[in-house]
Number of protein chains: 2
Amino acid sequence: MELYNYFRSSASYRVRIGLALKGLAYDYKPVHLPKNEQTGESYMAVSASRLVPLLKDGDTVLTQSLAILEYLDETHPEPPLLPADPVARARVRAIAMDIACEIHPLNNLRVLRYLVGPMKLSEDDKNRWYRHWVETGLEVVERQLAARPGTYCHGDTPTLADVCLVPQIFNAQRFDCRLDHVPHVMRVFEACMKLDAFEQTRPERCPDAA
Amino acid sequence: MELYNYFRSSASYRVRIGLALKGLAYDYKPVHLPKNEQTGESYMAVSASRLVPLLKDGDTVLTQSLAILEYLDETHPEPPLLPADPVARARVRAIAMDIACEIHPLNNLRVLRYLVGPMKLSEDDKNRWYRHWVETGLEVVERQLAARPGTYCHGDTPTLADVCLVPQIFNAQRFDCRLDHVPHVMRVFEACMKLDAFEQTRPERCPDAA
């Protein structure tokens, strides 16, 4: 497999964690977003979306991090990223989407660029925007975790929810977001970071992080 | 089942379509977002996320539209919202997420309010923002559909991708977005609107649309 990836992209980090949890090897293909390599000809030939991450599995091209992770879970079921019970699966997916659909899309590089470019926001307002969505969005996750505490987001093994939570916390820390109001979130984050699959794929350890 | 819903919320419309495709009956519980009922005490007692849609199935509370739709597909498999093959499932989910993770989160009511409130954007800039993400986001969907044309987003039966696409087009039309650059998207939209499940759940037909 080949993973097209940018070390600081949190959606990329999700897929790195998923591949590591499954013990799957891959070639790392860096796509440098600040240099706009995602809209360069060589990447556009591979990717219809011009976003990272993208996973090539043989001739199959897969996009959207959560769709990629569901695919990996269906084609390499062990260890599972989702519980077996439909209600539990729905809870895990909802926590994952509280991050992937409510927080992260608002704080993408392309979104931040549009705010300070065409929308003419100041750097200060851009940072306020960033922190607002992280801090309020994580409150939703906190309430989900507080309602049913476990070692990880759901129970005693990492799931799709943890795979989304950890990269979001890395972003939050990079932008100096407040995190003292989400103790369950931070407890789960710290539990995850004790696992090799999360630790060894962290942004600074990527080949393109230098 | 009980569906907590706002007629103009496109994530709510997704779940209405899914329930209709499955032929499942439900009580419609309106939550008026412009009046901030989602942060009122009675709704907060039900919902940790304070977002719509929310589905109650007996005592089970389900949030996040795509997680709800996957749950419905797992608990009521016929007719399926996802194909059987993992590669095809990944394609359908990726198209759904090109909408649900890349377009819609940027144009939520709460996001638009934050832009004109704390970020002090003008109404004109807010509308430019809205159209920018719809018009560029739909280009990604267009390329996906053009690469493998079918009656619907994937093949000859509606899937999770169509369930996301149709509500996004309703929003696009409401905000006068350009749509002539996405002919495959519009062809699929028109095919979907010939189906009762999409037509009879459209925003204007909801009990709270009056």
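Analyst: Start with a term. Two strands count as paired if DSSP finds at least two bridges between them. Keep in mind that this is a predicted model.

Now the sheet of chain B. Four strands form an open sheet there, in the order β2-β1-β3-β4. The pairing in this sheet is mixed. Which strands stand at the edges? They are β2 (27-30) and β4 (60-63) of chain B. Each has a single partner strand, so one side of each is left without a neighbour in the sheet. On average, neighbouring strands are turned by 20° against each other, with direction ignored.

Four bridges join β3(B) to β4(B). The two strands run antiparallel. In general, strands of a sheet pair through backbone hydrogen bonds, either parallel or antiparallel. In a regular strand, side chains alternate between the two faces of the sheet.

The peptide bond from V52(B) to P53(B) is cis, with omega near 0°.

Next, the helix on the sheet. α1(B) lies across β1 (2-5), β2 and β3 of chain B. Its direction is about 155° to that of β1(B).

What else does α1(B) pack with? Helix α1 (residues 10-22) of chain B packs with helix α7 (residues 160-174) of chain B. Their axes are 9 Å apart, and the angle is about 140°. The two helices are therefore oblique to each other. Their crossing is right-handed. By class, the contact has eight nonpolar, two polar and one charged residues. From α1(B) come S10(B), Y13(B), R14(B), I17(B) and L21(B). They meet V163(B), C164(B), V166(B), P167(B), F170(B) and N171(B) in α7(B).

α7(B) has another partner, helix α3 (residues 65-75) of chain B. The axes of α3(B) and α7(B) come within 11 Å and cross at roughly 145°. This crossing is right-handed. By class, the contact has five nonpolar, no polar and one charged residues. L66(B), L69(B) and E70(B) in α3(B) meet L160(B), V163(B) and C164(B) in α7(B). Two names come back here. V163(B) and C164(B) are among the residues of α7(B) that meet α1(B), and they also meet α3(B).

Follow the chain past α7(B). The loop between α7 and α8 (183-193) of chain B holds D176(B). Phi of D176(B) is near 55°, a positive value in a residue other than glycine. Is D176(B) buried or exposed? D176(B) counts as exposed, because its relative accessibility is 62%.

N107(B) lies between α4 (86-100) and α5 (109-116) of chain B. N107(B) is buried, with a relative accessible area of 7%. Leaving aside neighbours within four places in sequence, N107(B) is in contact with L112(B), W129(B), Y130(B), W133(B) and V134(B). R93(B) is 14 residues from N107(B) along the chain, and their C-alpha atoms are separated by 20 Å.

Now turn to chain A and its strands. Three bridges join strand β1 (residues 2-5) of chain A to strand β3 (residues 54-57) of chain A. These strands run antiparallel. L3(A) has L55(A) in β3(A) as its bridge partner. L55(A) also has a bridge partner in β4(A), which is L62(A). Four bridges join β3(A) to strand β4 (residues 60-63) of chain A, and these two run antiparallel. β3(A) and β4(A) form a hairpin with two residues between them. G58(A), in the turn, has a positive phi of about 65°.

P79(A) is found in the loop between α3 (65-75) and α4 (86-100). The peptide bond from E78(A) to P79(A) is cis, with omega near -15°. D176(A) sits in the loop between α7 (160-174) and α8 (183-193) of chain A. D176(A) has a positive phi of about 55° although it is not a glycine. At 60% relative accessibility, D176(A) counts as exposed.

Terms used: Residues numbered from 1 in each chain as written. Chains lettered and ligands numbered in written order. Predicted model: local features only at pLDDT ≥ 70, side-chain atom pairs only at ≥ 80, totals over all residues. Heavy atoms only, no water. Axes fitted to C-alpha atoms, helices over the stretch in contact; angles between N-to-C directions. Parallel < 35°, antiparallel > 145°, perpendicular 65-115°, else oblique. Left-handed = near helix turned anticlockwise from the far one by under 90°. Contact = heavy atoms within 4.5 Å. Nonpolar A, V, L, I, M, F, W, Y, C, P; charged D, E, K, R; others polar. Buried < 20%, exposed > 50% of the residue type's maximum accessible area, 1.4 Å probe, protein only.
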